[in-house]
Amino acid sequence: MAGSGGPSVALIRDLRHSYGAAVALDGLSVEIPAGRMVGLLGPDGVGKSTLLGLIAGARILQSGEVHVMGGDMADRRHRERTGPRIAFMPQGLGKNLYAELSVFENLEFFGQLFGQSRAERRARIDRLTAATGLNPFLGRPAGKLSGGMKQKLGLCCALIHDPDFLILDEPTTGVDPLSRRQFWELIDGIRAVRPSMSVLVSTAYMDEAGEFDWLIAMNAGQVLDSGTPEALLARTGAPDMEAAFVALLPREQSAGHREVEIPPFVPGQSTPAIVARGLTKRFGDFTAVSDVSFEIEPGEIFGFLGSNGCGKTTTMKMLTGLLSPSDGAAEVFGKPVDARNMAVRHRVGFMSQSFSLYGELTVRENLSLHGRLFHLGAAQIAARTDALIAQFGLAEYVDARAASLPLGIRQRLSLAVPIVHEPEILILDEPTSGVDPVARDQFWELLIDLSRNQGVTIFISTHFMSEAMRCDRISFMHAGQVMVYDTPAALVEAKGVDTLEEAFILYMEEAGAGDAAVEGARMADGARIATDDQSGTDKGALLRFSVSRMLAYTFRELTEVRRDPVRLVFAFAGSVILLLIMAFGMNQDVDEVTFAAVDLDQTPESRSYLASYYGSLYFTEAPPLATPQALTRRMQEGGLSVGLEIPSGFGRGLRQGNPVEVLAQIDGANPSRAATIESYVSGVHNTFLRDWRTENPAPLAAPASVTQETRMVYNPTSESLMTMGPSIPAMLLIMFPAILMAVSIAREKEIGTITNFYVTPTRRAEFLLGKQLPYVAIAMINFAMLYALVVLVLQVPLQGSLLALVIGGLLYAFAATGYGLLISTLTKSQVTAVFAAAILSMLPTMSFSGLIQPVSTLEGGARVMGLFWPTSYFMQISVGTFTKGLSLGDLRNDLILLAAFFPVFFGLGLAVLKKQEK
Amino acid sequence: MRWLSTVFWLGTKELRSVLRDTVMAIFILWSFTLGVSMKAQSSGETVNNASVAIVDQDRSALSARIDTALYPPYFQMPDHIAVSDMDTLMDEGAYMFVIVIPPRFAADLIAGRGAAVQVNADATAVSQASLGVGYIQSIINEEVARYLDAPDQPAVVDLVLRRSFNEAGIAAWFGSLVSLLDQLTMLVIILTGAALLREREHGTIEHLMVMPLSSLQIAMAKIWANGLVILVCFSASLVLIVQAWMEVPVAGSLGLLGLGTVIYLFAASAIGVFLGTVARSMAQFALLMIITIFPMQMLSGGMSPVQSQPDFIQPFSWLLPSRHYIEFGQAIAFRGAGFDVVWPEFLVIAGLGTIFLAASLLLFRRSLSAGG
């Protein structure tokens, strides 16, 4: 391991890092020279990203030492000081960008995080976008940029604060050759102006390695070798870097590797396997694929090349019947592609860009499930599965879950899965992106075997020119159109160049006269991207809580919400509909009680007794029944709420003062309803007796009695709506804001933009509060909507203090979003976040907050849950101001308690949220 | 036959996914154990454990008697408060009922002058207030009569009130049925809907669509697998938590209740599939789920009686399978009804499920291409 001789920007000693049982870095030590362009070389999954994350301070150091720019990265103060001097661009196309935000808004946001003034930001954005050719696209959302442009924008965002140390994690993976070349020219331009800047880049493309000043070759969490490219070539005696890397690998790993040999393709049958005629696909006003035609011979390997977003995937999906073309036709085996044609599906295998495996199933389960779905017999499945496991070298992983497999193995499995049923056509969408050269060559040997020995037609898309060279014929695609298709050799010859890459670039530049040419012309300005203007930023200010940085998050979140309004529409429209349905539907007034009688007496007295029931507003008369048995039967069917049995002799008993019993049977299945009905029945009964006594005075005088004055406080008419109206908003105003909020941070974790929080000087409180404010605003809009409905549509008057209601609403909005925020910081995925937010809050909100059962009557666990849930207090405030007519002073205690929830949730969120990734 | 075997094998994959998802397993466990029992014991609008305060301005033996006559489970032990605090305490929702016994209350009664007691009820809890006032009235009358040693006046016509099916009126019986249904609804919708969305987010749905599978098979596999998981949990919860632990008797046939639950699970999971088809992302799905589950739980008749719903809501709530579940669930569990009584409800639920399923199949492929 040779030292660079010069000063170093980073010094790493005995670094170890593991994720659960998987070891990513295994005692790695290396020195990274300063002021140079350093390449970190190695296949996927060897720990490159982990190493870069640790150097950038984005990950929590587990064991070992990382010194960057003269300080220990384990020290928080050093991280805070050096953080603003480092720029980190994580792996993945546009991973650190906000897809809904425009190019300009993305750059603005990063500028704000580094405390730049508006004028300074403007100047920097102009300079950066001019140099990268992004200027004409300032208003375009980042998500709609091509892969190459995304990476340029990512670079601009990283460079906005003039970092001294630029760390790029696989910036060119999955980017077409033309954009790749432009990207490197851009970096060279910047380095020409700021030679002191250190650059550390990881890459899986070995052919890029020659461009670096210094190389570090990595494998299995350790450094294989480091030095200048020349030194490495000399040491291994290899002709190129790809060979040099293979030579550096431990023997057992490179042993299986040999040059891929392709027997020549001999066209056989005359009917083409796949035919596309004028295929066109439009999404709205955007044409993804335009008039694409080609023919593929049976047994041929047909390659598909083109920049990202040029329509390769869409074309493939049309050929498989996943998408139906807007125009034109596709044929497979001479038959039109039809989504309903099951016979054709048996003959085609498809491997999509995102490996279509079930991560939670094991290798064998994935294979046999596939066989089952294609109706192979059990014996056949066993034989086929075993054969594939042997052929693809999966033996040692049979019982491992697909999600836990290393990338290369997973990719082999995803090729094995679609060929379980021995299809005649295999459609593969970028199957080798991000896979190391050894594994890629092994993969190709499998493909060649399928094509040459088993006559399978293969249709494959790729970014690798070395792979394209192996295809029998290839097509170049750009902006939805196939420019040309022929054998690779013929294409190279037609352009009179040496390599396919050069031919590709020439074709692309010809076709893409638009943006590609603009970008090419601007390239000379690359130098302008760098600047020595360091004045505007006050470095000290970066370390303190900054309102403007918090607002940067607020505005960004607001913009994102505005760009994806469906969520808001669901939340607003949903809450309005729910309010109306539930306020009217949750009626606790018991009326229309179905009632039937068996009158065994049939006297004027019994009829008059029954008439007093029929006359009551609460009872609805059902046809009378003849026998008590019939009554019981009707009750069992649920058709009756009350059955009344009047015995024979009722009339006589009443007249003569002999005791008689009337039996009232009440359906007790719903106890609360039964209790109310009981009180109605006794009420009618007692009224009848009192009236009867008045008309037929009894000999005895009535005893002295107590009169009860009943005061139905707050709701004299006892209308359900008076309580339900103000109660339901209290319920809705926690569920919707909490769910909207819960997604926000979990989503950043899932997409990867959370890295921007790790590597910029953003403080945790700025991040949390900044993200929360827009949702508080949204909750307040919802608040206004719902209470307007309560007053205007439900006609429940606000009798108490409006100010108390609004203050309560604001505190409640903070509490609800604070709860969502806490859930969001605790969970890793959006799914878990939304369900945790919904399921955990549903029970206390619906049952323990006084909606139906007053909080003061709850017991045990229910009581405790109610007391520690903000809805209980806001329910008091809402019902209090509306129905009880309370003032601000009356509600003081509830307001104070409600106010306590936000700091608690926020504090817990702060404690849980880490400023670094694990 | 081949069609069914495909659905079966695809379903085994769903089963494995659910069973290997630890977080979901915890949610399911929580919902069917503590979730069910806590909710069951707190539900209902009957007067249960109501908070009472007495403003005793009399301080006589009679007022002391009234004080001790209010006891659990209907009422909490009454607190004594000053008349000046009454309004504040009621405003804070500390007491549901405040009884004011005036000065010289007992003396006036003994003197045969008659006296008045004031009962203040917090009528924001509508039904508890009106029921509670009735209970308090009869308790006071009884205590006064006993105090004055007045003979029980023989009533000419005695009204015998008998409750069928839940004689004691224990709220937890009905509450347990409702809370089982609520958990059932929520979890099966979440499981099936999320399973569909997850396939789309991971791109595996495309993989399924290029295989010789129809959308109906994909949907049916999700329905049977997720439904089965919930059915097993439901049965265990019914037998262990509701019957054994909470001691709620089930009058009718458990098998019939199980059959109805299977039909209901079909309908509810079809709703899950429908929401999973309509929603573009997990966030949207969660919001749609809330919009669906809230009315399903609150308008089912479990929280407030269906008969009280106004006429324009009735047709809407008729479309909710949960309303029919409560109807046949009550009939089977408490009234001991047989198949001859509940089959119309079964039919309606199955019909509703078929409609939701058909609607999602219509949207299925369209949603795929829009997502692609």
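Which residues of α30(A) meet which residues of α11(B)? In this predicted model, A:Q830, A:V831, A:V834 and A:A838 of α30(A) meet B:M282, B:A283, B:A286, B:M289 and B:I290 of α11(B). By class, this contact has eight nonpolar, one polar and no charged residues. Ala, Val, Leu, Ile, Met, Phe, Trp, Tyr, Cys and Pro count as nonpolar; Asp, Glu, Lys and Arg count as charged; the others, Gly among them, count as polar. Two residues are in contact if their C-beta atoms, placed from the backbone, lie within 7 Å.

Because the model is predicted, local features need pLDDT of at least 70 and side-chain atom pairs count only at pLDDT 80 or more, while totals for chains, interfaces and linings use all residues. Residues are numbered from 1 along each chain as its sequence is written, and chains are lettered from A and ligands numbered from 1 in the order in which they are written. Helices are DSSP runs (H or I, at least four residues), numbered from the N terminus.

The whole contact between the chains takes 122 residues from chain B and 119 residues from chain A. On the side of chain B that touches chain A, 64 residues are nonpolar, 40 polar and 18 charged.

Helix α29 of chain A spans residues 802-826. The expected span is 1.5 Å times one less than the number of residues. Of the 25 residues of α29(A), 19 are buried, so the helix is largely enclosed by the rest of the structure. A residue is buried if 20 or more other C-beta atoms, placed from the backbone, lie within 10 Å of its own.

A:S824 lies in α29 of chain A. It counts as buried, with 31 C-beta neighbours inside 10 Å. Leaving aside neighbours within four places in sequence, A:S824 is in contact with A:M741, A:A742, A:S744, A:I745, A:A746 and A:A833. The C-alpha atoms of A:S824 and A:V834 are separated by 8.4 Å. A:V834 also belongs to the α30(A) residues that meet α11(B).

Conventions
Helix = DSSP H or I, 4+ residues; strand = E, 2+ residues; numbered from the N terminus. Buried ≥ 20, exposed ≤ 12 C-beta atoms within 10 Å, placed from the backbone.
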